[in-house]
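Hi everyone, thanks for coming. Today I'd like to walk you through one protein, starting with the whole chain and ending at a single residue.

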Amino acid sequence: SGLDWAGVHRWAEGREVHLSPCEVVSLTASQLLEEMGAGRLTSEYVMRCFVGRAMAAGHTLCCNAEERFEAAVAEAVACDEERERGTVRGPLHGLPISVKDQHDMAGFDSTCGLACRVFQPASQDALIVSLARRAGAIPF
């Protein structure tokens, strides 16, 4: 799909990135925000790194219930464009956050691993997801 772990490495080739995908996913949230705020990392690259890692883990462990990877990358691109215009959504602007399926995310099932809760998408975000979005984070 191009978003997988190998795809992240291919995407980074030929671009000016100072950290490898492995190094990016090893950074703390504070470090990621500092790097993005200083313009040394883009939200798109950070999101691609985390999505690629999530896809690899999901493939190995069969642990991805539902995915919004493409939408998250598109939102990260939008965050980069906003930052270029001098606008930020909040203190977590462009930061990827992985949301476990115990927390409601509008349009997605919150199954908690129970088959009886499949095909019952949440109508709205859980408070924690809503607050993260309001602060500028990008759930995926």
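This is a predicted model: local features need pLDDT of at least 70, side-chain atom pairs count only at pLDDT 80 or more; totals for chains, interfaces and linings use all residues.

The protein chain has six helices and two strands.

How does the radius of gyration of the protein chain agree with that of a compact globule? With 140 residues, such a globule would come out near 14 Å, and the protein chain has 15 Å, so the two agree. The C-alpha atoms fill a box of roughly 45 × 35 × 20 Å along the principal axes.

Now the contacts. Counting those with a separation of 6 or more, 59% are between residues 24 or more positions apart.

What about inside and outside? Of the 140 residues, 39% count as buried. The accessible surface is about 7900 Å², and 54% of that belongs to carbon and sulfur atoms. As for charges, there are 13 positive and 19 negative ones, and their mean positions are 3 Å apart.

Let's finish with Gly58, which lies in helix α4, residues 43-61. Is Gly58 buried or exposed? Its relative accessibility is 11%, and buried means under 20%, so Gly58 counts as buried. Leaving out residues up to four places away in sequence, Gly58 touches Cys63 and Asn64. Asp101 is 43 residues from Gly58 in sequence, and their C-alpha atoms are 14 Å apart in space.

Note on methods: Residues are numbered from 1 along each chain as its sequence is written. Side-chain values use heavy atoms; hydrogens and water are left out. Helices (H or I, at least four residues) and strands (E, at least two) are DSSP runs, numbered from the N terminus. The radius of gyration is taken over C-alpha atoms; the globule rule is 2.2 Å times the number of residues to the power 0.38. Buried means under 20% relative accessible area, exposed over 50%, partly exposed in between (1.4 Å probe, protein chains only). Contact means heavy atoms within 4.5 Å. Accessible areas come from the Shrake-Rupley method with a 1.4 Å probe; for residues, only the protein chains shown count as cover. Lys and Arg count as positive and Asp and Glu as negative; His and the chain ends are not counted. The place of a charge is taken as NZ of Lys, CZ of Arg, CG of Asp or CD of Glu.
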